Amino acid sequence: MRIAVFPGSFDPLTNGHLDIIKRGSYLFDELVVAVGVNTTKTTLFSTEEKVHLIEEAVSPLKNVRVVTTQGLTVDLFKKLGATTLIRGLRDEADYRYERQIAEMNHQLDSQVETIFLMARPQDTYVASSIIKEIAKMGGDISQFVPKNVSEPLKAKFK
């Protein structure tokens with residue numbers, strides 16, 4: 001069985017993330033969305049909220065599951081028996097950053113392979129931090145996040 005892991009903070013889940021999840025689910029027998037828990041970082045949504053929102057958004061995808069993770073991604077990779085890490089790329093800056101991470105993961109465990117999926121053109125400028133700023137200022141974020149994320153995101157700033 002070919003298992004892929006798509007790690008991230010998903011604060012919040014965007015349509016770009018969801019597109020990578022859908023595309024990754026077509027490529028692998030199982031796709032595990034790994035919500036990273038970073039105790040040193042302040043997030044808008046709790047880990048439990050993020051897991052719930054992602055699970056709702058991916059519910060039609062029967063080969064996708066959501067887990068939480070704390071620590072090294074390569075450790076989760078081994079624990080799950082994964083064959084591949086999936087990362088999304090929006091632009092050249094993402095590529096440089098993600099390439100360094102992929103190379104380091106491979107150094108930590110030579111079995112770790114990373115594939116990059118390019119963002120669709122409509123998602124290349126979409127970043128969670130920008131979406132949060134738009135929501136904070138009362139802007140319409142409905143075109144950037146899944147339907148089930150839009151209202152909870154707006155509610156965070158009321």
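**View 1. Helix α6 packs its buried residues against α2 and α5.** The buried residues of α6 pack against α2 (47-58) and α5 (128-136). Contact here means heavy atoms within 4.5 Å. Helices (H or I, at least four residues) and strands (E, at least two) are DSSP runs, numbered from the N terminus. In α6 (residues 147-155), the buried residues are V149, S150 and L153. Seen down the α6 axis, they fall within an arc of 110°, so they line one face of the helix. That arc is taken from the directions from the helix axis to the C-beta atoms. Buried means under 20% relative accessible area, exposed over 50%, and partly exposed in between (1.4 Å probe, protein chains only). This is a predicted model: local features need pLDDT of at least 70, side-chain atom pairs count only at pLDDT 80 or more, and totals for chains, interfaces and linings use all residues. Residues are numbered from 1 along each chain as its sequence is written, and side-chain values use heavy atoms, with hydrogens and water left out.

**View 2. Five parallel strands form an open sheet.** The strand order is β3-β2-β1-β4-β5, with parallel pairing. Strands β3 (64-69) and β5 (114-118) stand at the edges with a single partner strand each, so one side of each is left without a neighbour in the sheet. From one strand to the next, the twist averages 30°. Two strands pair if DSSP finds at least two bridges between them.

View 3. Five of the six residues of β1 are buried. β1 and β2 pair in the parallel sense over six bridges. I3 has E30 of β2 as its bridge partner. β1 and β4 pair over two bridges, also parallel. Here V5 stands opposite L85 of β4.

**View 4. Strand β2 (residues 30-36) also pairs with β3.** Six bridges join β2 and β3 in the parallel sense. L31 has V64 of β3 as its bridge partner.

**View 5. Helices α1 and α4 lie across strands of the sheet.** Helix α1 (residues 15-27) lies across β1 (3-8), β2, β3, β4 (84-89) and β5, at about 125° to β5. Helix α4 (residues 92-108) lies across β4 and β5, at about 165° to β4. Axes are lines fitted to C-alpha atoms, for helices over the stretch in contact, and angles run from 0 to 180 degrees between N-to-C directions.

**View 6. N105 sits in helix α4****.** At 10% relative accessibility, N105 counts as buried. Leaving aside neighbours within four places in sequence, N105 is in contact with V74, L85 and V112.
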